[in-house]
Amino acid sequence: MKIRYYRNIKGWRWLGFLLAMASAYILSSGNPDYQVMGWSVACFSCSIWIYMGWKDGDTPRALMELFYLVLAIRGIVNWIQ
């Protein structure tokens, strides 16, 4: 499947990538004080990638990111409780 590149959203792909790396770094640090921030960054990153998958017509990728978004929201809720 070929990924379509749109002029208006090309920078969003890099932002989604950088946010995904930042959330992975925060969540793997092992510091429970920063877990909610890591999950919040992951939610934003997933939202970007869901949109990209939808725009590209890549349903499996969009669904995978949607599943991760649900888990990230679950992580935030579990951390708050």
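Reader: Which residues in H3 are buried?

Author: This is a predicted model. A residue is called buried when its relative accessible area is under 20%. In H3, the residues that are buried are Arg61, Ala62, Glu65, Leu69, Ala72, Gly75 and Ile76.

Reader: Where on the helix do the buried residues of H3 fall?

Author: The view to take is the one down the axis of H3. Seen that way, the buried residues fall within an arc of 130 degrees, so they line one face of the helix.

Reader: Which exposed residues does the face of H3 turned away from its buried side carry?

Author: Exposed residues have over 50% relative accessible area. On the face of H3 turned away from the buried side, the exposed residues are Pro60, Leu63, Met64, Phe67 and Arg74.

Reader: What covers the buried residues of H3?

Author: The protein chain has three helices and zero strands, and along the sequence its pattern reads α-α-α. The cover over the buried residues of H3 includes helix H1 (10–27) and helix H2 (35–56).

Reader: How many Å apart are the end C-alpha atoms of helix H3?

Author: Helix H3 comprises 22 residues, 59–80. At 1.5 Å a residue, H3 should therefore span 32 Å. The computed separation of its end C-alpha atoms agrees with this, at 32 Å.

Reader: What percentage of the contacts in the protein chain with a separation of 6 or more do residues 24 or more positions apart account for?

Author: A contact requires heavy atoms within 4.5 Å. Among contacts in the protein chain with a separation of 6 or more, the share from residues 24 or more positions apart is 61%.

Methods: Residues are numbered from 1 along each chain as its sequence is written. This is a predicted model: local features need pLDDT of at least 70, side-chain atom pairs count only at pLDDT 80 or more; totals for chains, interfaces and linings use all residues. Side-chain values use heavy atoms; hydrogens and water are left out. Helices (H or I, at least four residues) and strands (E, at least two) are DSSP runs, numbered from the N terminus. The expected span of a helix is 1.5 Å times one less than its number of residues. Buried means under 20% relative accessible area, exposed over 50%, partly exposed in between (1.4 Å probe, protein chains only). The arc is that of the directions from the helix axis to the C-beta atoms.
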